[in-house]
Amino acid sequence: MLVLLLTQFKILVFLEVVMENESYRSVIENMTDAINESGLKQKAVAERFGISARQLNDILHYRKRMDVGLVPVFCNALGLPLNRLFNMRAAGVVGPYGGG
């Protein structure tokens with residue numbers, strides 16, 4: 001149990017660092033790509049995500065900053081691994097889940 005809590009804490013610390021710098025824009029762009037690749041409408045994704053469609057739209061258009069704790073929630077909502085949202089665009093990876 002303690003190991004699981006420490007692992008979750010490390011992930012949240014990592015996410016906090018990413019969300020505080022230039023990588024935040026990349027995370028949001030990758031979220032947008034994941035939504036588009038899913039074929040779902042923003043409203044359906046927002047419902048799965050547990051927020052309103054307006055809140056999701058505000059996040060995707062940088063009008064509202066997403067809390068770091070919502071990153072894993074978003075990934076779970078779309079069935080994505082966490083690494084799907086990080087550095088994919090910078091690395092030139094185009095396909096879903098990091099595929100080529």
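Modeller: Happy to, and keep in mind that this is a predicted model. Let's begin with helix α5, which covers residues 70–78 and has V71, F74, C75, A77 and L78 as its buried residues.

Biologist: Why do the buried residues of α5 line one face of the helix?

Modeller: Seen down the axis of α5, they fall within an arc of 160°, so they end up along one face. As background, an α-helix has 3.6 residues a turn, so residues three or four places apart point the same way.

Biologist: And what comes just after α5?

Modeller: G79 does, and this residue takes a positive phi of about 70°.

Biologist: Which residue has a positive phi although it is not a glycine?

Modeller: That's Y62, with a phi of about 60°. Y62 is placed in the loop between α4 and α5.

Biologist: Is Y62 buried, partly exposed or exposed?

Modeller: Y62 counts as partly exposed, because its relative accessibility is 32%.

Biologist: What lies over the face of Y62?

Modeller: R25 does, at 4.0 Å from the ring centre.

Biologist: Nice. Changing topic: how many residues does the largest nonpolar core have?

Modeller: It has 21 residues, and the ones with the most contacts inside it are M31, L56, M66, F74 and L85. Helices α2 (23–38), α3, α4 and α5 each supply at least two residues of this core.

Biologist: Which helix gives the most to this core?

Modeller: Helix α2, with 6 residues. In soluble globular proteins, nonpolar side chains tend to be buried together.

Biologist: What is M31 in contact with, leaving aside its neighbours within four places in sequence?

Modeller: M31 is in contact with F49, L60, M66, F74 and L85.

Biologist: How many aromatic pairs does a search of the whole structure find?

Modeller: The search finds 1. F49 and F74 form this pair, edge-to-face, at 5.4 Å centre to centre and with 75° between the planes.

Biologist: Where in the chain are the two partners, F49 and F74?

Modeller: F49 is in helix α3 and F74 in helix α5, 25 residues apart, so the pair links distant parts of the chain. Both F49 and F74 are buried.

Biologist: Let's stay with α3 for a moment. Is A46 buried or exposed?

Modeller: A46, found in helix α3, counts as buried because its relative accessibility is 1%. Leaving aside its neighbours within four places in sequence, A46 is in contact with I51, S52, A53 and L56.

Biologist: How far apart in space are A46 and N57?

Modeller: They are 8.8 Å apart, C-alpha to C-alpha, and 11 residues apart in sequence.

Biologist: You mentioned I51 as a contact of A46. Where does I51 lie?

Modeller: I51 is in the loop between α3 (42–49) and α4 (53–60). With 17% relative accessibility, I51 counts as buried. Its contacts, again leaving aside neighbours within four places in sequence, are A46, L56 and I59.

Biologist: Okay, on to charges. How many salt bridges does the structure hold?

Modeller: It holds 3. In one of them, the side chains of R84 and E37 meet at 2.7 Å, N to O. That bridge links distant parts of the chain, with R84 in the segment after α5 and E37 in helix α2, 47 residues apart.

Biologist: What does D58 form a salt bridge with?

Modeller: D58 forms one with R54, the closest N and O atoms being 3.4 Å apart. Because they are 4 residues apart in helix α4, D58 and R54 are separated by about one helical turn. D58 is buried, at 14% relative accessible area, whereas R54 is exposed, at 57%.

Biologist: Great, thanks for the tour!

Methods:
Residues numbered from 1 in each chain as written. Predicted model: local features only at pLDDT ≥ 70, side-chain atom pairs only at ≥ 80, totals over all residues. Heavy atoms only, no water. Buried < 20%, exposed > 50% of the residue type's maximum accessible area, 1.4 Å probe, protein only. Arc of directions from axis to C-beta. Contact = heavy atoms within 4.5 Å. Core = buried A, V, L, I, M, F, W, Y, C linked by side-chain atoms within 4.5 Å. Phe/Tyr/Trp six-rings, centres within 6.5 Å; stacked < 30°, edge-to-face > 60°. Lys NZ or Arg CZ within 6 Å of the ring centre and 35° of its normal. Salt bridge = Lys/Arg side-chain N within 4 Å of Asp/Glu carboxyl O.
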